[in-house]
Amino acid sequence: MSAANAAINDLILALESTDESDRCCAIEDLGLLKDRDTIPYLIKAIDDGSTRVREASIDALISIGGNGVVTEMILLLESEDVSLRNAAINILEQL
């Protein structure tokens with residue numbers, strides 16, 4: 001495993017932290033790395049109980065952009081969860 005992959009794996013693990021700041025920092029770093037393989041993890045974070053974490057995940061997904069994010073946001077538009085649909089709309093508007 002390369003150092004970059006190890007770092008990404010560590011950031012993904014940090015998304016499960018009980019500490020909101022740890023989750024936010026991990027999400028921000030993942031957004032900076034723009035690794036499309038992390039999109040599913042960032043989408044899961046949109047449903048976090050913390051507003052800061054949700055906002056960070058939206059910003060990270062906007063930063064990554066591309067067809068992968070667009071495709072996943074289109075799928076979220078069909079969610080029964082209003083907050084997920086609204087997040088998808090917000091992301092799509094900013095891409």
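Reader: Does Thr38 count as buried or exposed?

Author: The model before us is predicted. To answer such a question, one looks at the relative accessible area of the residue; a residue is called buried when that value is under 20%. Thr38 has 0% relative accessibility, so Thr38 counts as buried. Its place in the chain is the loop between α2 and α3.

Reader: Which residues are in contact with Thr38, leaving aside its neighbours within four places in sequence?

Author: Thr38 is in contact with Ile8, Ile12, Leu30 and Ile64, once neighbours within four places in sequence are set aside. There is also a polar atom of the Thr38 side chain that lies 2.6 Å from the backbone oxygen of Asp35.

Reader: What is the phi of Lys34, which lies in the loop between α2 and α3?

Author: For Lys34 the angle is near 55 degrees, a positive value in a residue other than glycine. Lys34 is partly exposed, because its relative accessible area is 46%. A glycine with a positive phi is found just after α4: Gly65, at about 55 degrees.

Reader: Which residues of α4 are buried, and against what do they pack?

Author: The general idea comes first. An α-helix has 3.6 residues a turn, so residues three or four places apart point the same way. In α4, the buried residues are Val53, Ala56, Ser57, Ile58, Ala60, Leu61, Ile62 and Ile64. The buried residues of this helix pack against α2, α3, α5 and α6.

Reader: Which residue caps the N-terminal end of α4?

Author: To find a cap, one looks for a side chain that reaches a backbone nitrogen at the helix end. Here the cap is Ser50, with a side-chain oxygen 3.2 Å from the backbone nitrogen of Arg52.

Reader: In the loop between α3 and α4, are Asp48 and Gly49 buried or exposed?

Author: The two residues should be read one at a time. Asp48, which lies in that loop, counts as buried because its relative accessibility is 18%. Gly49 has its place in the loop between α3 and α4 as well, but Gly49 is exposed, since its relative accessible area is 74%.

Reader: What joins the side chains of Asp48 and Arg23?

Author: A polar contact of 3.0 Å joins them. Beyond its neighbours within four places in sequence, Asp48 is in contact with Arg23, Val53 and Arg54.

Reader: How far apart in space are Gly49 and Asn90?

Author: Separation in sequence and separation in space are to be read as two quantities. Gly49 and Asn90 are 41 residues apart in sequence, and their C-alpha atoms are 18 Å apart.

Reader: What is the volume of the largest pocket, and which element gives the most to its lining?

Author: The volume of the largest pocket is about 180 Å³. Its lining includes Arg23, Asp48 and Val53. The elements that give two or more residues to this lining are α1, α2 and α3. Of the elements, α3 gives the most, with three residues. By class, the lining holds seven nonpolar residues, five charged residues and no polar ones.

Notes: Residues numbered from 1 in each chain as written. Predicted model: local features only at pLDDT ≥ 70, side-chain atom pairs only at ≥ 80, totals over all residues. Heavy atoms only, no water. 1 Å grid on protein atoms, 1.4 Å probe; cavity = no way out; pocket = protein on both sides within 12 Å on 5 of 7 lines; lining within 4 Å. Points joined across faces, edges and corners; volume = space filled by probe spheres on them. Helix = DSSP H or I, 4+ residues; strand = E, 2+ residues; numbered from the N terminus. Nonpolar A, V, L, I, M, F, W, Y, C, P; charged D, E, K, R; others polar. Buried < 20%, exposed > 50% of the residue type's maximum accessible area, 1.4 Å probe, protein only. Contact = heavy atoms within 4.5 Å. Polar contact = N/O pair within 3.5 Å; in protein donor to acceptor, adjacent residues only side chain to side chain.
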